[in-house]
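I opened the file to look up a few things and wrote them down in the order I checked them. These are my entries.

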Amino acid sequence: MHDPIPAIRESISVFDIFKIGIGPSSSHTLGPWRAALQLLKSLQVQGKIREVKELTVSLYGSLAKTGKGHGTDVAVMLGLLGADPVQFPVDAVNPTIQAIRSRHELHLNGELTLYFDPARHIIFHMDESLPFHPNGMNFMITYQDGATYSATYFSIGGGFVVKEGQEQKSTSIELPFPIESADDLLRHCMKGMAIHEVVMENELTWRSEAETHLGLLRIWEVMQDCMYRGCHTPGELPGGLKVNRRAHGLNKKLLGAAVYHTKKDWLNAIRNGGTGFQYTLDWVSCFALAVNEENASFGRVVTAPTNGAAGVIPAVLQYFVCFCGGETDEQIIRFLLTASEIGSIFKKGATISAAMGGCQAEIGVSSAMAAAALTEAMGGSQRQALMAAEIAMEHHLGLTCDPIAGLVQIPCIERNTMGAIKAITASQLALQSAPDFAIVSLDKVIKTMWDTAQDMSSKYKETAAGGLAVHIPISLPEC
């Protein structure tokens, strides 16, 4: 008997699906970071920050088993400092953490200096898991007067965080077009609206159309900056696996003697460099590699819908921009709106957390998002867009999460290239098909994904306890 589909029903915005943050993991890095920020906010409301004497962080389940490789301890410390993951300089991550480790001091929210030894005050409970979700963490605080305060949070995927006691709390607000399933979305579209138009109408509940446009263009700017950095940064990824960056060499090989000095000139050089199938295929792979190599290096990325799968949507959107004429701001905005709604439907109907569903919940979902968005952008109907999402996920069903040494590197980085290529293939298939006669619907494949997640052994859910992680055992050095 399978557990029911998650009961939390949310009104999810495009900016809930696409969040700017720091790698390498949305569930293991960004989520714990945001949980620490939520703790600080709670302490501020209580007026208790300056009364804290000691603070201990306990990590459970997947957060414990792969937390060091994913930088969970690093993220928690940065969150406790009150640092903003959107703005905090990525070059300052290592020096800041090294200072805490060497001095055994943490400036809680920048207001109070605590004695804090990460080796003592961050505890990895390798053999314990909390009931609600594998990504659980607890903050235990002792105040100066001896009183204590405990707060437990769950990082449920894609940077979303839920506090214990609020697991079933609905965050729904009244939207003009409420959507819980692909059928709901299609029913709204039958009123004569494209998918991106339905999504934009809902976004108006939160903010003006102009604000949404600016926010989405900022999301795309961060994605492009990440690709550009990844394509121009040589060297070895951190963490101890000695994985060489490949996007830099591939970018150089593909562009040959081309000379450029700006991101705009780089894109023009790509467009002018060739048009063949192999050339295009190489660039899609290069774009995806670049993003996830940056992600693995604690670079600034956009959850799409997670950090581990952050390269798929930028790679497919850049493919659309460079090789399919998708150059206008409006085209980019529509692409992101459509992609976000598909991710939202997966989150509501199943999961976007690898700790809950394996890598099908990350790369599979991102590939489905990109496939639907590309299909609509290329002139496909609403049904064809949903068909493309279904095809992409159908061919990711059962994909496990077994990161070597708990790092978001092998097989994660290459899987983003596969997810991007599958998204493009799914889109092409859908555009040449008659979706009215499709046997498998998107809702059915989402339900199947959830059933598969329930059947999947916990060894293959971001624990580094099965698959490649055990066949290639590597012990990580202390960060």
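Is Gly-136 buried or exposed? I looked up the area and found 0% relative accessibility, so Gly-136 counts as buried. Here buried means under 20% relative accessible area, exposed means over 50%, and partly exposed lies in between, with a 1.4 Å probe and protein chains only.

Before going on, I noted that this is a predicted model, in which local features need pLDDT of at least 70, side-chain atom pairs count only at pLDDT 80 or more, and totals for chains, interfaces and linings use all residues. Residues are numbered from 1 along each chain as its sequence is written, and side-chain values use heavy atoms, with hydrogens and water left out.

**Entry: around Gly-136.** I placed Gly-136 in strand β6, which covers residues 136–143. I then listed its contacts (heavy atoms within 4.5 Å). Leaving aside neighbours within four places in sequence, Gly-136 touches Ser-58, Leu-59, Tyr-60, Leu-63, Leu-130, Tyr-153 and Phe-154. I also looked up Thr-152: it lies 16 residues from Gly-136 in sequence, and the C-alpha atoms are 7.2 Å apart.

**Entry: the whole chain.** I counted 21 helices and nine strands. Both are DSSP runs numbered from the N terminus: helices are H or I with at least four residues, strands are E with at least two. The radius of gyration is 22 Å, close to the 23 Å that the globule rule gives for 479 residues, so the chain is as compact as a globular protein of that length. That radius is taken over C-alpha atoms, and the rule is 2.2 Å times the number of residues to the power 0.38. Along its principal axes, the C-alpha trace spans about 70 × 55 × 45 Å.

I found that 59% of the 479 residues count as buried. Taking contacts between residues at least 6 apart in sequence, I noted that 76% join residues at least 24 apart.

**Entry: cysteines.** How many disulfides are there? I took a disulfide as a pair of cysteine sulfur atoms within 2.5 Å, and the count by this rule is zero. For Cys-226, the nearest cysteine sulfur is that of Cys-231, 9.5 Å away, and Cys-226 is in no disulfide. Cys-359 is in no disulfide either; the nearest cysteine sulfur belongs to Cys-401, at 5.7 Å. I checked burial too: Cys-226 is buried at 2% relative accessibility, and Cys-359 is buried with a relative accessible area of 9%.
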